[in-house]
Amino acid sequence: MRRPFIAGNWKMNLGIKEAVSLAQEIGIGCTPFRSVDVALAPTTLAVDAVNEALQGTGVHVASQNHHESDSGAFTGAVSATMLKEAGCAYAIIGHSERRTLFGETLDDVHNKVHSAFKAGLLPILCIGETLEQRENGQAQTIVQEQLLSALKDLSADQIAAITIAYEPVWAIGTGKTASPAEAQSMHAFIRSLLQERYPSFVANDIRIQYGGSVKPHNAKELLSQPDIDGALVGGASLTAKAFIGILTAITQG
Ligand code: PGA
């Protein structure tokens, strides 16, 4: 049985004080939901303080991005090792905003997955097609390429420990969600790609989150699909009410 995993990506929202205050609120609000894994990804500046604020709550901290190298002359960059030291347990990698706005390539994403493991962070690997790609019938090809290139040279155990976040780019921050059937069909495709290539425990154990305008009102239906194991939440992770609303919705019988 895969444990549901809900992660909140705060992006470049919330300064240190705001992040700590929301983390405290969410940490308390998560107490009744021990059957769900929860992580929050604040700005890098707030990782340390948010980690402190979440002590004892069971909620983990995730990074939003890191440099693939461990250390060196990379002005402005932060390594996975540094994020681990500051308290991160997970590393979001390859978010579509990183790919489109910051020019991250398939190789960059692959290298970041490897450096996350080296540092002891568990990757949350984001993949997903744009609207144009979907309309041209390329959605599966793009998702397959992003997935397999990122997983190259990892062991089966490592792959099983990754979380995949399927985020159709056209659904991020737009209020447009993939229908539960559309999302389920891509999640099943992703799992089938893993099933064909790796020992079967990989496809069975790996968690695949859906991301893109997940809200309290649509979370339950999405997460009740057999291959949707969680959500990567942007906008609705910015208030405790909406984020806890998602946890409440998915755990209701
Ligand atoms: P959204 O963002 O929930 O605001 O659509 C999702 C994401 O970017 O991970």
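Where is the place of Phe189? In this predicted model, the residue belongs to helix α9.

Setting aside neighbours within four places in sequence, Phe189 is in contact with Gln140 and Gln144. For a sense of distance, take Ser79: it is 110 residues away from Phe189 in sequence, and their C-alpha atoms are 32 Å apart.

Helix α7 covers residues 139–151 and helix α9 covers residues 180–197; their axes come within 11 Å and cross at roughly 45 degrees. The two helices are therefore oblique to each other, and the crossing of α7 and α9 is right-handed. On the α7 side, the contact is made by Ala139, Gln140, Val143, Gln144, Leu147, Leu148 and Leu151, while α9 supplies Met186, Phe189, Ile190, Leu193, Leu194 and Arg197. Sorted by class, these residues of the α7–α9 contact are 10 nonpolar, two polar and one charged.

**Two further helix pairs**

| Helix pair | Axis distance | Crossing angle |
|---|---|---|
| α7 and α9 | within 11 Å | roughly 45 degrees |
| α5 and α7 | within 8 Å | roughly 45 degrees |
| α1 and α12 | 10 Å | about 25 degrees |

Helix α5 spans residues 106–119, and its angle makes α5 oblique to α7. The crossing of α5 and α7 is right-handed. Here Leu106, Val109, His110 and Val113 in α5 meet Glu145, Gln146, Ser149 and Ala150 in α7. The residues of that contact between α5 and α7 comprise four nonpolar, three polar and one charged.

Leu22, Glu25, Ile26 and Gly29 of α1 make the contact with Ala240, Phe243 and Ile244 of α12. By class, the α1–α12 contact has five nonpolar, one polar and one charged residues.

**A strand residue beside the helices**

Which residues does Ile127 touch, beyond those up to four places away in sequence? The list is Arg99, Val143, Gln146, Leu147, Ile164, Ala165, Tyr166, Glu167 and Ile190. Ile127 itself lies in strand β5, residues 122–127, and with 2% relative accessibility it counts as buried. Two of the names already met, Val143 and Ile190, take part in the α7–α9 contact. Ile127 and Ala150 are 23 residues apart along the chain, with their C-alpha atoms separated by 9.6 Å.

**The two sides of α11**

Helix α11, residues 216–223, has Asn218, Ala219, Leu222 and Leu223 as its buried residues. Down the axis of α11, these buried residues fall within an arc of 125 degrees, so they line one face of the helix. An α-helix has 3.6 residues a turn, so residues three or four places apart point the same way. On the other side of α11, His217 and Glu221 are exposed. The buried residues of α11 pack against several elements: strands β1 (5–9), β7 (207–211) and β8 (230–233), along with helices α9 and α12.

Definitions and conventions: Residues are numbered from 1 along each chain as its sequence is written. This is a predicted model: local features need pLDDT of at least 70, side-chain atom pairs count only at pLDDT 80 or more; totals for chains, interfaces and linings use all residues. Side-chain values use heavy atoms; hydrogens and water are left out. Axes are lines fitted to C-alpha atoms, for helices over the stretch in contact, and angles run from 0 to 180 degrees between N-to-C directions. Helices (H or I, at least four residues) and strands (E, at least two) are DSSP runs, numbered from the N terminus. Angles under 35 degrees count as roughly parallel, over 145 as roughly antiparallel, 65 to 115 as roughly perpendicular and the rest as oblique. A crossing is left-handed if the near helix is turned anticlockwise from the far one by less than a right angle, and right-handed if clockwise. Contact means heavy atoms within 4.5 Å. Ala, Val, Leu, Ile, Met, Phe, Trp, Tyr, Cys and Pro count as nonpolar, Asp, Glu, Lys and Arg as charged, and the others, Gly among them, as polar. Buried means under 20% relative accessible area, exposed over 50%, partly exposed in between (1.4 Å probe, protein chains only). The arc is that of the directions from the helix axis to the C-beta atoms.
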